[in-house]
Structure formats: C-alpha cells, structure tokens
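Biologist: Please put the sequence and the model on the screen. I have some questions about them.

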Amino acid sequence: MSADLTPPDAEDAAGSKRGTAAGDAVEVRRSARRRRTVSAYRQGDRTVVLIPAQMSAREEERWVKAMVARLDSRERRSRPGEAELAARAKDLSVRYLGGRAVPLSVRWVTNQGARWGSCTPIDASIRLSDRLRGMPDFVIDYVLLHELAHLIEPNHGAGFWRLLEGFPKLERARGFLDGFAAASAAAAGADSGAAEGTDVDDGDVEDCGEQDGGEQDGGEQEISA
C-alpha cells in the first residue's frame, strides 16, 4: 500500500467523518477506483483521507492515524517558528520596504478563522493565522509583507499597494490564497450551508473608533480569506 500527502483529482465522493484524539476533524472518503493507494490532505480546518473502497474498518483506522501523523509531521517541519518569523519579517522589510516597517512582535495565532493575518499599528504587532501552516514559503512571505506594509500604510489605498509592487510573486500568492479560500468555503457550504465569514469571532476585531475628520486610529488591520 502506498501513501500520498497531496490532494488528488476530484475522484472521491464525500464519506464518513470522525475526529482525532487532538479534536481535529477528519473525513474519510472511499473510492472504488483506488486499489493500493492512500492519500491525505488538508481542506480548510479538516483532514481528508482517501482510501480504497474495500479497506476494512481496522485498516481504515490504522491508515487514518498514520496519515494524520504524517501530515502533522510535515507541517511542523515546514512551519517556521516565531523567531524565524521575526527574522523573515526583518528581511522582507529591508528588501521591499526599505526597512521602514519594524514590528515589535510577530506570532502565530489560532483564532483567525476568516483572515490570513492581521496587525495592530499602534503597538507594531503582527499575527499570522495558523491556517497558513504547510503553505508555500512565498505565500507566508506575502501575508507577512502585507501586514508589514500596514505598519506604514494602515489602509488599502494606492500607496499601500505600491509598497507591495516589488514582491515578485504578489499575484501568484494572492491567487493561491483566493483559490484556497474558495475551495474551503465551497466545502463548508456543502457540509452546513454556512455563509462565508460566519466563523469570525467578535474578539478577532478591534474597535478602531474614529477621530476628528473621520480618520481611524491605529487599530487592527487584516488580510481576509
């Protein structure tokens, strides 16, 4: 039996759902077209495991555990730690922003269900969604650079986008995230009919308020899914 950790073509119908000991959602899909291969990949906040239709329940349980463990291991290796994130932020700021963006903290968070990243200019803090784990480096760099640019330009005006023009994979990264978000939204809609964005928690949004002249203060900026 061979194993694969990449999403296959759309060949398998939706199957049974379960959870892991860590509370992660797992969907098992059986396919009559599969004979000796097992595949697994992340889809939004769940793991999809594809197995041959004739596999026994005991073998299914064993392979689900093995494939989830492999994905977790791969993502731990590919996800940079916060010290590395800070170093990458400094490098990106120097290369593309002339060193003008200087965050005081850069960290991973798990409570951003509908955003890829956010920042608070008033305290120069940047937060990246844990959903970015395992994504290509250029995608993580784009989200990080996006938030760094917000430390200079709080809004998404023309000046903000000029700051990002030098990033060579800007459109490719944006397309990657748009495609991922669309696929996740479609899967969520198929499961529950939920509208996109309903998983945003009120605690994720900082009340910026307004000062005289209608200008916002240094509140939280974000890049949404």
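Modeller: Strands (E, at least two residues) and helices (H or I, at least four residues) are DSSP runs, numbered from the N terminus. This is a predicted model, where local features need pLDDT of at least 70, side-chain atom pairs count only at pLDDT 80 or more, and totals for chains, interfaces and linings use all residues. Residues are numbered from 1 along each chain as its sequence is written, and side-chain values use heavy atoms, leaving out hydrogens and water.

Biologist: How many helices and strands does the protein have?

Modeller: Read the elements from the N terminus: β-β-β-β-β-α-α-β-β-β-α-α-α-β. The secondary structure comes to five helices and nine strands.

Biologist: How many residues of strand β4 are buried?

Modeller: Buried means under 20% relative accessible area; exposed means over 50%, and partly exposed is in between (1.4 Å probe, protein chains only). Strand β4 covers residues 37–43 and is mostly covered. Of its seven residues, the buried ones number six.

Biologist: Which residue forms a salt bridge with Glu-27?

Modeller: A salt bridge is a side-chain nitrogen of Lys or Arg within 4 Å of a carboxyl oxygen of Asp or Glu. For Glu-27, the closest N and O atoms are 2.7 Å apart, and the partner is Arg-46. The pair links distant parts of the chain, 19 residues apart, from strand β3 to strand β5. Both residues are buried, Glu-27 and Arg-46.

Biologist: Is Arg-62 buried or partly exposed?

Modeller: Arg-62 forms a salt bridge with Glu-59, with the closest N and O atoms 2.9 Å apart. Both lie in helix α1, three residues apart, about one turn of the helix. Glu-59 has 30% relative accessibility, so it counts as partly exposed. Arg-62 has a relative accessible area of 47%, so it is partly exposed.

Biologist: How many residues apart in sequence are the parts that Asp-137 and Arg-88 tie together?

Modeller: Asp-137 forms a salt bridge with Arg-88, the closest N and O atoms being 4.0 Å apart. Asp-137 lies in helix α3 and Arg-88 in helix α2, so the pair ties together parts whose separation in residues is 49.

Biologist: Which residues are linked with them in a network of salt bridges?

Modeller: Arg-88 is buried at 13%, while Asp-137 is partly exposed at 46%. The network holds Arg-88 and Asp-137, together with Glu-84 and Asp-141.
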